[in-house]
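I opened a new notebook page for this protein.

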Amino acid sequence: MKASGSDSMRGGGRKTGGPEHFDVLIIGAGLSGIGAAHHLQTAFPKRSYAILEARTAIGGTWDLFRYPGVRSDSDMHTLGYRFRPWTQAAAIADGPSILDYIRDTASEAGIDRRIRFGHKVIGASWSTEAAQWTVTAEHDGTTSTYTCGFLYVCSGYYRYDHGYTPGFAGIEDFRGQLVHPQQWPADLDYAGKRVVVIGSGATAVTLVPAMAETAAQVTMLQRSPTYIMSVPTEDAVAIRLRERLGPQRAYTITRWKNVLIGTLIYQLSQRRPRMMRDFIRKQTAAQLPTGYEVDVHFKPTYNPWDQRLCLVPDGDLFHAIRAGRAAVVTDRIEKFTSDGLRLASGADLPADIVVTATGLQLLAFGGIEFSVDGRAIPLPETMAYKGMMLSGVPNFAFTIGYTNASWTLKADLVGEFVCRLLRHMDDNGYDQCTPWPDPSIAPEPLLNFRSGYVQRSIDHFPRAGSRRPWRLGMNYAHDVLALRHGRLEDGTIRFASRAAAPDHIPVRVRS
């Protein structure tokens with residue numbers, strides 16, 4: 001796995017008459033992929049790598065979503081990279097600011113020069129004999145092939161080409177405009193219009209107050225309520241710390257402060273759900289008009305953190321409701337009509353524009369088809385080691401962030417772990433590493449989350465295991481110890497190396 005030669009020193013691939021070869025190929029140039037590249041080139045300045053990105057721009061989610069008010073649902077002191085402080089005043093940042101942050105990170109480190117845009121990876125095959133991956137990508141109507149010693153997938157976990165819209169009855173009869181947030185029209189004019197936003201998740205609670213600023217009326221139509229908490233847009237503690245300690249030290253302290261607060265809220269939600277339900281209800285009721293039907297529209301049937309909490313900066317959703325610019329209706333859709341929606345209660349909800357904020361469609365690893373030594377790898381038959389490698393799949397890592405905290409907290413740890421793993425292989429002369437599970441470990445869903453978008457597709461993903469290190473951890477402090485400082489040769493990963501003789505390639509295995 002050691003980089004060598006002048007091409008590696010420049011970061012370009014080595015060409016030997018076959019496909020262009022890299023020490024590491026990263027798939028995806030979003031928040032995770034740019035972070036992974038930064039960790040890799042900081043740890044190994046001479047190692048060759050490239051990023052293959054299916055789209056034509058850096059940013060992933062933050063470049064794709066362009067709907068009004070798009071913003072983070074985590075604070076930027078934890079959604080930001082560990083190695084690059086977030087210094088803006090707003091802790092709950094808007095989408096364009098996050099996109100600038102990602103692009104600036106890539107530009108300042110020269111990562112943007114390593115990206116191959118318009119390369120959609122469709123297949124990856126591992127050869128034990130060659131100790132390398134052959135990666136196939138579609139590009140400009142043709143197929144490109146690359147090889148690499150280590151494959152690192154940072155493609156997220158949902159489809160980028162379209163979102164999820166249920167099969168609503170009569171939807172073809174609607175004469176107004178139908179929009180999904182994942183394909184937001186740049187020229188959509190909703191000023192003075194009646195807008196219905198179907199959904200109650202993070203996208204819906206972001207859209208409603210943003211559109212309510214100019215729309216005639218915005219209604220959030222939900223089948224069932226979601227837990228919604230108001231948080232300050234700016235973190236006053238972070239601002240004061242930055243003034244006194246400087247950006248890096250203040251960022252580190254604030255990051256841990258927010259991690260601990262988030263962990264406390266999550267743990268209390270799991271262990272004292274009634275107490276947290278009462279706390280959230282009291283906070284919600286205090287921000288709504290007197291006499292508002294809180295228990296109809298803001299009392300979920302599940303416990304806090306069975307699904308992800310929605311954050312609203314400075315209570316903007318509640319402000320819009322108090323001002324009469326926004327409303328919440330809790331009902332089921334019977335069908336679309338020519339000028340709106342007919343509800344199960346018999347009520348009609350008129351609309352000029354209907355926004356289907358009905359969620360994502362999950363897609364494991366961007367739909368890449370994997371094989372090892374000619375054998376196809378069905379993902380549901382694999383098990384995820386520490387939530388970042390796959391059983392029986394050599395020299396491979398992926399990033400899936402936390403469901404109960406910011407995505408980047410886990411992404412940073414995965415990047416650090418991959419670098420530790422590569423250095424360990426260099427130091428010991430290994431060129432292969434493969435996790436192998438104990439057969440006694442029972443499989444479990446990778447994401448233990450009740451959200452509809454997870455339940456619809458989780459059977460197509462790798463499994464987790466019934467105990468560590470195969471259980472997907474959701475505790476950042478624990479993962480810091482396990483991924484940043486835990487033993488690499490833990491009896492689960494098998495390391496191997498090939499002999500140099502071309503006619504005989506013995507494999508030395510340590511388990």
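**Entry 1: a loop residue.** I started with A131, which sits in the loop between β4 (120-127) and β5. I keep in mind that this is a predicted model. I looked up the backbone angle: phi of A131 is near 55°. That is a positive value in a residue other than glycine. Then I asked: is A131 buried or exposed? A131 has 9% relative accessibility, so it counts as buried.

Entry 2: I looked up its cover. W133 has a relative accessible area of 0% and is buried. The cut-off I used for buried is under 20%. I also took a distance. W133 and T233 are 100 residues apart along the chain, and 45 Å separates their C-alpha atoms.

**Entry 3: another positive phi.** I noted W305 next. Its phi is positive, about 70°, although W305 is not a glycine. Where does W305 sit? I found W305 in the loop between α10 (294-297) and β11 (310-313). W305 counts as buried, at 9% relative accessibility.

Entry 4: I turned to helix α4, residues 76-79, where H77 is found. H77 has 1% relative accessibility and counts as buried. What does H77 touch, apart from its neighbours within four places in sequence? I listed W86, A91, D235, A238, R242, Y251, T254, R255 and N258. I followed up one of these contacts, T254. H77 and T254 are 177 residues apart along the chain, yet their C-alpha atoms are separated by 6.6 Å.

**Entry 5: a cis bond.** I checked the peptide bond between R468 and P469. It is cis, with omega at about 5°. P469 has its place in the loop between β24 (463-465) and α14.

Entry 6: I then looked at α14, residues 476-485. Which of its residues are buried? I wrote down Y476, D479, V480, L483 and R484. These residues cover an arc of only 110° around the axis, which puts them on the same side of α14.

**Entry 7: the whole chain.** I stepped back last. I counted 14 helices and 26 strands in the protein. The radius of gyration is 24 Å, close to the 24 Å that the globule rule gives for 511 residues, so the protein is as compact as a globular protein of that length. Along the principal axes, the C-alpha atoms fill a box of roughly 80 × 55 × 45 Å. Of the 511 residues, 53% count as buried.

Residues 24 or more positions apart account for 70% of them. For the surface, I noted an accessible area of about 22,100 Å². Carbon and sulfur atoms hold 50% of that surface. The protein has 57 positive and 50 negative charges, and their mean positions are 6 Å apart.

How values were computed. Residues numbered from 1 in each chain as written. Predicted model: local features only at pLDDT ≥ 70, side-chain atom pairs only at ≥ 80, totals over all residues. Heavy atoms only, no water. Helix = DSSP H or I, 4+ residues; strand = E, 2+ residues; numbered from the N terminus. Rg over C-alpha atoms; globule rule 2.2 N^0.38 Å. Buried < 20%, exposed > 50% of the residue type's maximum accessible area, 1.4 Å probe, protein only. Contact = heavy atoms within 4.5 Å. Areas by Shrake-Rupley, 256 points an atom, 1.4 Å probe, with all protein chains shown as cover. Lys, Arg positive; Asp, Glu negative; His and termini not counted. Charge placed at Lys NZ, Arg CZ, Asp CG, Glu CD. Arc of directions from axis to C-beta.
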